[in-house]
Amino acid sequence: MTQRLPALKQLLNGTHAPSGSGCVWLVGAGPGDPELLTLKALRLIEAADVVVYDRLVSEAILTLIPAATLALDVGKTPGFHGMTQRQISQLLVDLARSGRQVVRLKGGDPFIFGRGGEEMQWLQAAGVPCYIVPGITAATGCAAACGIPLTHRDYAQSVRFITGHGKAGRPQLTGAGWQDASQTLVFYMGLTWGAELSQQLRQHGRAAETPVAIVERGTRRDQRVLIATLATLEETLRRERPQSPALMIVGEVVSLYRHEARQGEILQQEAQAQQGAETQQQEAQAQQGAETQQGEVARQEEDIQLREPAR
């Protein structure tokens with residue numbers, strides 16, 4: 001049962017009596033494709049009493065939550081936070097103390113821009129057992145899905161993951177190394193400040209013609225990839241209006257992106273899905289035919305028995 005968060009008293013005054021045996025698993029759901037879930041993540045989702053999830057968890061993964069499991073949406077959208085981070089962390093504590101097995105399901109990896117560290121600290125301070133299950137982070141998942149290697153001996157010898165906004169909003173690219181053409185940069189949550197990031201990178205010495213990939217809904221069936229440069233990034237964002245979840249990959253490795261490769265993968269997936277559906281249909285028809293034949297044989301045997309003369 002998926003729902004937004006009801007009043008805490010209503011939620012916690014249920015059938016679970018406080019037992020002290022509850023715990024919280026911080027689980028990475030990956031970038032969106034359900035086949036990229038780890039086996040451990042899937043097992044925990046299926047066994048949980050409660051799943052507390054973020055908005056970045058894809059619908060395809062949410063469908064894996066059993067219908068009888070309470071699923072709570074505590075997702076934040078830009079400019080609107082239904083619950084503060086402090087409230088979410090305390091909710092996890094309260095659910096665990098009520099004796100529940102809780103899965104805190106997060107897009108990507110809990111420890112890479114997922115606030116998993118903050119929630120872990122809160123749970124530890126409250127004395128609640130807390131365990132971590134890593135997930136495929138958006139940078140590696142999206143890069144793989146569109147054929148952009150984050151490192152390559154001929155293009156990039158290092159990669160850097162950066163949040164696309166500061167704690168107060170506007171990003172500040174401080175420190176050195178931003179001008180290094182042999183380093184790939186991946187910006188998480190950078191759509192709002194894309195133009196600002198482009199300007200700061202160029203001010204730090206990064207070439208205006210540096211290629212940029214904007215990966216929207218990466219690894220999902222409706223994935224979209226936009227290619228620009230630092231010089232054209234602002235215009236591309238304004239024209240195409242990509243939506244979250246999305247990230248930006250900056251560096252020479254972006255030149256290796258090929259749209260046709262992704263289209264071929266989608267066509268192959270669709271063909272496999274169609275073949276699987278046809279196989280299931282054929283098996284169902286064969287099973288139905290076998291059952292019909294068995295029923296006919298049983299009726300024939302019954303007719304023979306009825307026709308036999310009494311002795």
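## Valine 51 and its neighbours

Start with valine 51: its contacts (heavy atoms within 4.5 Å), not counting residues up to four places away in sequence, are Ile45, Ile65, Thr69, Leu70, Ala71, Leu72, Val103 and Leu105. Keep in mind that this is a predicted model, where local features need pLDDT of at least 70, side-chain atom pairs count only at pLDDT 80 or more, and totals for chains, interfaces and linings use all residues. Residue numbers run from 1 along each chain as its sequence is written, and side-chain values use heavy atoms, with hydrogens and water left out.

## The core

Val51 also belongs to the largest nonpolar core, a set of 19 residues. Such a core is made of buried Ala, Val, Leu, Ile, Met, Phe, Trp, Tyr and Cys residues joined through side-chain atoms within 4.5 Å, buried being under 20% relative accessible area with a 1.4 Å probe, protein chains only. The residues with the most contacts inside this core are Trp25, Val27, Val51, Tyr53, Val57, Val103 and Leu105.

At least two core residues come from each of strand 2 (23-28), helix 2 (39-47), strand 3 (50-53), helix 3 (59-62) and strand 7 (101-106). Helices (H or I, at least four residues) and strands (E, at least two) are DSSP runs, numbered from the N terminus.

Leaving aside neighbours within four places in sequence, Pro34 touches Ala60, Ile61 and Leu64. C-alpha to C-alpha, proline 34 is 9.3 Å from threonine 219, though 185 residues separate them in sequence. For glutamate 35 and alanine 60, 25 residues apart along the chain, the C-alpha separation is 9.6 Å.

How values were computed. Buried means under 20% relative accessible area, exposed over 50%, partly exposed in between (1.4 Å probe, protein chains only).
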